[in-house]
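Please look at the sequence and the model together. The text below goes through the parts one at a time.

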Amino acid sequence: MAFGPIMRFAVERDDEALTIELAPLTKEAMAEFIDAKHGGGMQRFTVGRYMGRSGAPVLEDEHEWYERVRQEKDSLIWGIWVITDEGRLLIGNSAIVDIGQEGHSGFIRQATTGSMIFNKEYWGKGIASAAHKARTWFAFQHLGLHRLKSAVIQANGGSRKALERSGYQLVYTERNEQYSGGQLEHMDCLECLNPLDLFWSQWWHGDRPSRATQAARRRTKEAMAWAEQFVELL
Ligand SMILES: CC(C)(COP(=O)(O)OP(=O)(O)OC[C@H]1O[C@@H](n2cnc3c(N)ncnc32)[C@H](O)[C@@H]1OP(=O)(O)O)[C@@H](O)C(=O)NCCC(=O)NCCS
């Protein structure tokens, strides 16, 4: 079981209101990932460039990926769907992977997150920011994870901004992680810590978090408060 349960919320910007669902992918909808109607999606260089991709997947690749992740035991993956009166349109995905696999104490539970909106018509509408808040809330409130990790190529300012809104913060930078557009790009490795007292005290157990970390905790709390109020977990 690799897919996460349905979470529904609204995203509003510039007089436009969208109903978004994070919900399981379907095999039939995997064609959307590369659909020419939506500009080719993952086949566009500008969609995959900061995810270390330089090739273009075809439908068989998408179906193979779907079958592989569907069987993963340590992942929760959601499609990002736009819901309208006419139906549902898949525009991206969001994931928590390697759940519980990192950290050797056996006590602290961590995971890695990632996200992508392959349909560029939907970029810049606040969808990733809201989806990250919902995912963060689910990971901390419902899965009881201590820490989420993510990594962002520095030039990917939109991704970084959306993650920071849920309280992700820089841990360290991997230099020269990727070569793209004629230059070497560095990658920022981020973390988001569970701000709830039980998990926070287990993570810090007497050590003193920095001011930046305390500020990040406040952002995560705000993101979770938003989700508590506005995300419908069906
Ligand atoms: C990264 C991605 C998920 C962002 O999704 P999104 O829904 O467009 O993000 P949001 O609209 O919630 O927020 C992005 C914010 O960053 C801003 N932004 C965009 N490009 C930026 C840049 N280069 N530098 C700084 N900020 C930038 C946007 O204006 C927006 O801010 P605003 O809400 O104040 O206007 C989407 O662009 C995407 O899927 N890209 C391709 C795949 C990818 O890179 N995935 C992430 C890998 S780490």
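Helix 3 (residues 127-142) and helix 6 (residues 211-230) have axes that come within 8 Å and cross at roughly 95°, the axes being lines fitted to C-alpha atoms, for helices over the stretch in contact, with angles from 0 to 180 degrees between N-to-C directions. The two helices are therefore roughly perpendicular to each other, a term that covers 65 to 115 degrees. This is a predicted model, in which local features need pLDDT of at least 70 and side-chain atom pairs count only at pLDDT 80 or more, while totals for chains, interfaces and linings use all residues. Residues are numbered from 1 along each chain as its sequence is written. Helices (H or I, at least four residues) and strands (E, at least two) are DSSP runs, numbered from the N terminus.

Among the residues of helix 3 that meet helix 6 are Trp-137 and Phe-140, and helix 6 contributes residues including Met-224 and Trp-226; contact means C-beta atoms, placed from the backbone, within 7 Å. Helix 6 also lies across strand 1 (7-13), strand 7 and strand 8 (183-193), at about 90° to strand 7.

These strands belong to an open sheet of 9 strands with mixed pairing, in the order 7-8-6-5-4-3-2-1-9, where pairing requires at least two DSSP bridges. Strand 7 (169-180) and strand 9 (232-233) each have a single partner strand, so one side of each is left without a neighbour in the sheet. Strand 4 (residues 87-97) runs antiparallel to strand 5 (residues 110-117), joined by 6 bridges, and Val-97 stands opposite Thr-112 in strand 5.

Helix 4 gives the most to the shell around the ligand, with 5 residues.

Notes
Contact = placed C-beta atoms within 7 Å. Parallel < 35°, antiparallel > 145°, perpendicular 65-115°, else oblique.
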